[in-house]
Amino acid sequence: MTSQIYSCPVCRESIQIIGKSLHCTSCSINFPLVENIPIFYNIDNYYGEINREQMTELIEMAKTSGYQKAISVVIDNPWVQNYVLDENRAKWTHLLPLDSNTKVLDIGCGWGTNTIPIARKVKHVTAIDATLERVKFVQLRADESGLSNISTALASAMALPYPSASFDVVIFNGVLEWLGGDDTKKNPKDIQMQALKEAHRVLAPGGLVYIGIENRFSLRYFLGQVDDHSFIRFTSLMPRWMAQAYFKLRTGNDYFMHTHSLSVYRHMLKNTGFAMENEYHPWPNYRYPVEFAKLNKSGIVKHLSSKINELSFGARQWFYCTLLRWLTSWEGKGFFCHSFLFIYKK
Ligand SMILES: C[S@@+](CC[C@H](N)C(=O)[O-])C[C@H]1O[C@@H](n2cnc3c(N)ncnc32)[C@H](O)[C@@H]1O
């Protein structure tokens, strides 16, 4: 915590450590420390694959028995266990120029499944999330893994408590689409743009932003796969007003988890000051990426052709790949891929 430099998320002035809190001398706000974690976000938010009581139990058990044991006892769903523990999920990190001089900001760090393997490669990782339980878990995981180059904070992507030009790489892995939940009265895209502007501000000149995210118009959704965020079929494909009405009717909640088309993502990045460095089609998706094709017609078509030739493929996979290859050959860009990886430069 101490090696990290903070700036006030409200006025951007520098912050001093006074006793058990951080203090902004300009606007006189105190930001408390909870279990040594700075608290810059005052909305009581909980995001999780398990409920809050289970998460609290898991954290307490991790303190005495270790985080792996706590996960095996508290989480009974093997998919979730694997999602939390499997560091292969961070395979995409080799696409970034990470070395012992790099300073990384992992926004929406979740369980730290990317934070931990990144920390082994770089100088320092700052891991923030808007859910305190997640930040506490990542800090425990870092300590137990013997990684002293990780700082954590409870902070929002839209008001980063760090000075301008303080990171070389900023990560949003599966995060941008959830930010609309911060204020469901606002347009989710405006909130996402605000987060991208903040990422741009805290990046050093030439720094990179990395985004892993689903495509609103994924072929899989057209074929009836349940939406990855609303868990209801076809919602991302609907006009927003219709998705909102339908989701509200089905769940009572607002539909804020907006993903976008390839061209809208490109626009958003360009309009927040970024220039394209690299774009990929992660296979089978960005959450568990195994292979990475360049996000252009020849990259995608070549990769899908090699998949189609794999004899172990089932009929459904064969059909999906063949249709996606045909669509990509026709439209030429990758508009129907399931997810994207964007690496853009400041
Ligand atoms: C799908 S999880 C992704 C976790 C992690 N990046 C990964 O790839 O495993 C989305 C994360 O974004 C966090 N999040 C949501 N809104 C946020 C905000 N306004 N600021 C920071 N993090 C936020 C959630 O708490 C959650 O941990």
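Visitor: Is Asp 254 buried, exposed or partly exposed?
Guide: Asp 254 counts as partly exposed, because it has 14 C-beta neighbours inside 10 Å. The cut-offs: a residue is buried if 20 or more other C-beta atoms lie within 10 Å of its own, exposed if 12 or fewer, and partly exposed in between, with C-beta atoms placed from the backbone.

Visitor: What kind of model is this, and how are residues numbered?
Guide: This is a predicted model, where local features need pLDDT of at least 70, side-chain atom pairs count only at pLDDT 80 or more, and totals for chains, interfaces and linings use all residues. Residues are numbered from 1 along each chain as its sequence is written.

Visitor: Back to Asp 254. Where does it lie?
Guide: Asp 254 sits in the loop between α8 (240-251) and α9 (262-271). Helices (H or I, at least four residues) and strands (E, at least two) are DSSP runs, numbered from the N terminus.

Visitor: Which residues is Asp 254 in contact with?
Guide: Thr 184, Gln 244 and Lys 248, leaving aside neighbours within four places in sequence. Contact requires the C-beta atoms of two residues, placed from the backbone, to lie within 7 Å.

Visitor: How far apart in space are Asp 254 and Val 169?
Guide: They are 32 Å apart, C-alpha to C-alpha, and 85 residues apart in sequence.

Visitor: Which residues touch the most other members of the largest nonpolar core?
Guide: Val 169, Val 170 and Val 209 do, in a core of 90 residues. Strand β9 (residues 203-214) gives the most to this core, with 6 residues. A nonpolar core is a set of buried Ala, Val, Leu, Ile, Met, Phe, Trp, Tyr and Cys residues joined through C-beta atoms within 7 Å.

Visitor: What does Val 169 touch?
Guide: Not counting residues up to four places away in sequence, Val 169 touches Leu 96, Leu 98, Thr 102, Val 104, Gly 207, Leu 208 and Tyr 210.

Visitor: New topic, helix α11. Which of its residues are buried?
Guide: Tyr 320, Cys 321, Leu 324 and Thr 328 are the buried residues of α11. They cover an arc of only 95 degrees around the axis, which puts them on the same side of α11. That arc is taken from the directions from the helix axis to the C-beta atoms.

Visitor: What do those buried residues pack against?
Guide: They pack against α7 (219-222) and α10 (297-308). The face turned away from the buried side carries the exposed residues Ala 315 and Trp 330.

Visitor: What follows α11?
Guide: Gly 332 does, with a positive phi near 85 degrees.

Visitor: Which residue has a positive phi of about 70 degrees although it is not a glycine?
Guide: Asn 36. It is found in the loop between β3 (30-34) and β4 (37-38). Asn 36 counts as exposed because it has 11 C-beta neighbours inside 10 Å.

Visitor: And what about Ala 165?
Guide: Ala 165 has a positive phi of about 60 degrees. This alanine lies in the loop between β7 (150-154) and β8 (167-173).

Visitor: Which residues does a cis peptide bond join?
Guide: Trp 283 and Pro 284, with omega about 0 degrees. Pro 284 lies in the loop between β10 (275-283) and β11 (291-294).

Visitor: Last one. How many residues surround the ligand?
Guide: 21 residues do, and the closest are Tyr 47, Gly 108, Gly 110, Ala 130 and Asn 173. To be near a molecule, a residue needs its C-beta atom, placed from the backbone, within 6 Å of it.
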